[in-house]
Amino acid sequence: MYPELAHWGLVHIRTYGLMLALAFLVGTWLGMREAKRLGLDEDRLVNVILIVLIASVLGARALYVLEHIQEFRREWGSVIALWQGGLTLYGGVIAGTIAGLLAAQRLGLPMWTVADALAPSLALGTGIGRVGCFLNGCCYGRPTTLPWGVHFPPDSFAGLEFGNAAVHPSQLYFAAAGVILFALLWGLRRRMTVPGVLFWTFIVLFGLVRIPLDMTRAYEPEAVVLHLSAFDVTESQMSSLALALFGSLMILRLRRAAPAPA
């Protein structure tokens, strides 16, 4: 766990922010590469990417604050302390998707083709971002007896809740899932010819993968919406299911609306 790599006076290099920046840079490079292949205007695509970045961060932070409103009422200034972690991924996905599609349409770009061009970048970005979560110590897992369980420092989030118990490296599970999804989308990008289908395929797969992975992650009691005999169902898992179903409907809609091949 390395929440801070270095600092010089007032300048602090946080691993969480560094990994987010790395995800953005790598994602932009991949997106520009895809833009060239798909014949998209690269200058306008850069503007879309910047809008998606800003909207994603704001949306993820806003949803996290709403979910933890009681904590922030004691110190509203910490709302802007993004370097400490505290982003709810689905807030970023929804806000970034809406903002990106609207921006692409406003700039005269085919919005579903833009979404497809950025889908592999989004998948890889989630993986890189989760490495930042692991280094920061947030989004930690539940206690486990498996041999690859990890021990966080006593003053970390996991240490304060579970003591010296080994916990699932849930952040690394999600990171691996992001890399696998990226590889899958990268391999499918030339085969899925209907605009928008690749993007919604990512959304469906991401939602379905997250449901079982979330079973290894520690959540606040308030996040549990349903108690079953073997496990608890969280808000995140319900959101994942809803997003996967919505994505499936969008794939059907786009396929039906696509012109028949000659």
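Which side chains meet in a salt bridge at 2.8 Å, N to O? E34 and R37 do. The views below come from a predicted model, in which local features need pLDDT of at least 70, side-chain atom pairs count only at pLDDT 80 or more, and totals for chains, interfaces and linings use all residues. Residues are numbered from 1 along each chain as its sequence is written, and side-chain values use heavy atoms, with hydrogens and water left out.

**View 1. E34 and R37 pair within helix α1.** Their side chains form a salt bridge (a side-chain nitrogen of Lys or Arg within 4 Å of a carboxyl oxygen of Asp or Glu). The N to O distance is 2.8 Å. Both residues lie in helix α1 (residues 15-38), 3 residues apart, about one turn of the helix. Helices are DSSP runs of H or I with at least four residues, numbered from the N terminus. E34 is buried, at 2% relative accessible area. R37 is partly exposed, at 32%. Here buried means under 20% relative accessible area, exposed means over 50%, and partly exposed lies in between (1.4 Å probe, protein chains only).

**View 2. R189 reaches E34 from a distant part of the chain.** The two side chains meet in a salt bridge of 2.9 Å, N to O. R189 sits in the loop between α7 (170-188) and α8 (197-213), while E34 belongs to helix α1, 155 residues apart. R189 and E34 are both buried. Shared partners join E34, R37 and R189 into one network of salt bridges. Side chains of opposite charge can pair when their charged atoms come close.

**View 3. D214 pairs with R210.** The closest N and O atoms of this salt bridge are 3.1 Å apart. Both D214 and R210 are buried. The whole structure holds 4 salt bridges.

**View 4. Six side chains make a nonpolar surface patch.** M215, V225, L226, L228, F231 and M238 form a patch of about 490 Å². Patch residues have over 30% relative accessible area and no salt bridge; nonpolar side chains (Val, Leu, Ile, Met, Phe, Trp, Tyr) are joined within 5 Å, like charges within 9 Å. Areas come from the Shrake-Rupley method with a 1.4 Å probe; for residues, only the protein chains shown count as cover. M238 belongs to helix α9 (residues 235-257). M238 is partly exposed, at 44% relative accessibility.

View 5. pLDDT is the predictor's confidence in each residue, from 0 to 100. The chain mean is 88, and 92% of residues reach 70 or more. Where pLDDT is low, the predicted coordinates should not be read in detail.

How values were computed. Helix = DSSP H or I, 4+ residues; strand = E, 2+ residues; numbered from the N terminus.
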